[in-house]
Structures are given as structure tokens and as C-alpha cells.
Amino acid sequence: MTRRRRLRSSILLTLLAAACSDRGPDTDLPADTSATADTAAAAPAVPEPAARAEWPDSGAVEYRREREVDLTGDGSSETVIATARGPAYDSLDVALTIEGAAGDTLWRESWPSLMYFKYDRREGKPDTAVMRIVRDRVEQLLEPGRFTMSGGLPDVLRRGGDPDAQMREAIQYHLAELDYRRSFDFRPADPTPPDAHGRIDATSVAAVRVEAVLAELKRMPSYMYFAGGEATYVIAWSSREDAFVRIFACC
């Protein structure tokens with residue numbers, strides 16, 4: 001990682017940490033952005049998720065929780081689903097899925113729970129600490145503050161930068177990724193192969209297309225989630241592209 005990327009990542013993580021509240025002094029969890037101005041006002045529009053799922057204290061883990069939110073702006077709610085499955089807390093497959101009203105998958109991303117310990121090493125932590133960290137990380141995926149119903153980036157990502165420039169860069173790359181995926185008929189549930197990113201060319205996306213999607217998504221609800229390490233993403237639904245598009249990606 002270059003010095004510039006390290007600095008940018010450090011600033012972002014500092015801002016996210018500053019937004020945390022009511023977590024206690026010993027936690028290093030990502031931001032609860034429900035305290036920010038735009039999401040605080042929008043929070044009542046985000047229905048509460050289903051009753052809190054039970055986590056096992058030990059042994060195999062099977063966790064699922066969901067929240068109904070209208071992210072596409074069509075008047076019907078999509079279902080945002082967080083799952084975690086695996087033999088132990090430090091070896092779970094964590095998945096985030098967004099399903100349409102018909103049950104079709106509109107977005108899916110998954111990552112190993114070990115990513116939560118990329119910079120806060122797993123070694124030396126008691127199992128109870130690992131369990132607490134993973135539980136909190138996964139449960140935060142569906143917190144009300146992750147949804148910005150007023151559109152665009154959440155306030156915590158707007159500080160000290162140009163929101164349009166941040167969104168423009170992420171949109172341009174993701175549109176190129178969508179073009180690549182469409183050329184191979186990937187479904188939304190299919191991950192982009194890791195080796196494909198070397199063949200995705202953001203400069204192939206015309207500026208006029210980027211600006212049109214940017215103007216659209218600044219008015220659409222958005223959803224922010226954290227996938228461990230420095231992986232913080234914000235997505236929003238584009239009717240023009242008929243797909244969720246990343247409007248922020250770090251790092």
C-alpha cells in the first residue's frame with residue numbers, strides 16, 4: 001500500500017471511529033453512523049429488523065437476520081440479509097444479500113470473519129473477545145445508521161472531502177466492473193473473480209454515463225457496510241443500470 005493510500009485509509013478509519021457511540025472504551029468497531037445528521041433524521045423511515053437472532057456461545061455458528069427497506073425507490077421494500085455460518089467465530093463465512101420483492105438476488109457479497117482481525121490480530125485474543133467482536137461486526141450490518149434515506153453518502157464520509165469526487169471515482173470503476181460482469185453473464189449473486197480486476201478498465205466508461213449515474217444516485221437511498229480490514233463500501237440502486245452501484249469504496 002502506498003503512503004498516500006495509508007494516509008487516506010487512516011483518515012477514513014479515524015472519522016469512522018469518531019462516529020462510534022455507546023460501545024465502551026475497549027471496542028474498535030466501525031462507526032455507528034446513526035448519530036450523524038442525515039441518518040438520524042432518516043432512521044425512523046428504516047423499519048426495525050426481525051427479532052434479534054440468537055448466537056451460540058461456542059461450537060458451530062448459524063446466524064441470520066434481515067431488515068426490510070425500500071432501497072430502489074419503487075415503493076416496495078427490499079430485504080437486506082446478514083448471515084454468518086461456520087465452525088467457529090474466527091472461521092465464519094459472513095454474507096450480505098439484498099433480495100427484491102420477488103425474492104431475486106439484487107446484490108451479494110461475502111467475506112471470511114477473519115477479515116475483522118486484519119489489523120487487530122486474532123492471536124492472543126481469548127475466544128470470548130473474538131466472539132464479541134465478530135457478533136458486533138455482523139450485527140452492525142443492519143443497524144439503522146447504515147442506511148441514508150436522504151440520498152448519497154452518509155455524513156461520516158463527507159467530512160474533509162468532495163462527496164461528488166468520491167462518488168464519481170467509485171461509480172466509474174463499478175460501472176466498468178458491471179460491464180465486465182455483463183460480458184460474462186454473471187448474476188448479481190456471482191462474485192467477480194479476483195483475477196478479473198486486472199482486466200477491468202475504468203477509463204472505458206464514458207464521462208457522460210458516469211455523470212448521469214452520479215446525478216441519479218445522489219437522490220437515491222444508500223447503504224454502507226464494512227467487510228473487515230479497510231473495506232468500507234456504500235451502494236445505491238441505479239434504475240439506469242438496473243443494478244446496485246458502489247458510490248464509495250475504500251480501500
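Me: How many residues are in the hairpin that joins β2 to β3?

Reply: This is a predicted model, and in it the hairpin leads from β2 to β3 through 6 residues. As a general idea, strands of a sheet pair through backbone hydrogen bonds, either parallel or antiparallel. Here β2 and strand β3 (residues 93-99) are antiparallel and share 7 bridges, with T83 having A95 in β3 as its bridge partner.

Me: Which strand is joined to β2 by 9 bridges?

Reply: That is strand β1 (residues 61-69), which runs antiparallel to β2, and R67 finds its bridge partner in V80 of β2. Strand β2 (residues 78-86) is itself mostly covered, since 7 of its 9 residues are buried.

Me: In what order do the strands of the open sheet of 4 strands lie?

Reply: The order is β5-β6-β7-β8, with antiparallel pairing, and β5 (147-148) and β8 (243-250) are the edge strands, each of which pairs on one side only. Within this sheet, strand β6 (residues 222-226) and strand β7 (residues 232-238) are paired through 5 bridges, and Y223 stands opposite I235 in β7.

Me: Which residues have the most contacts inside the largest nonpolar core?

Reply: In general, the side chains of a regular strand alternate between the two faces of the sheet. The largest nonpolar core has 60 residues, and those with the most contacts inside it are V138, I171, Y223 and Y225. Leaving aside residues up to four places away in sequence, Y225 touches a set of residues including L96, W107, W111, L141 and I235, together with E109 and R246.

Note on methods:
Residues are numbered from 1 along each chain as its sequence is written. This is a predicted model: local features need pLDDT of at least 70, side-chain atom pairs count only at pLDDT 80 or more; totals for chains, interfaces and linings use all residues. Side-chain values use heavy atoms; hydrogens and water are left out. A nonpolar core is a set of buried Ala, Val, Leu, Ile, Met, Phe, Trp, Tyr and Cys residues joined through side-chain atoms within 4.5 Å. Buried means under 20% relative accessible area, exposed over 50%, partly exposed in between (1.4 Å probe, protein chains only). Contact means heavy atoms within 4.5 Å. Helices (H or I, at least four residues) and strands (E, at least two) are DSSP runs, numbered from the N terminus. Two strands pair if DSSP finds at least two bridges between them.
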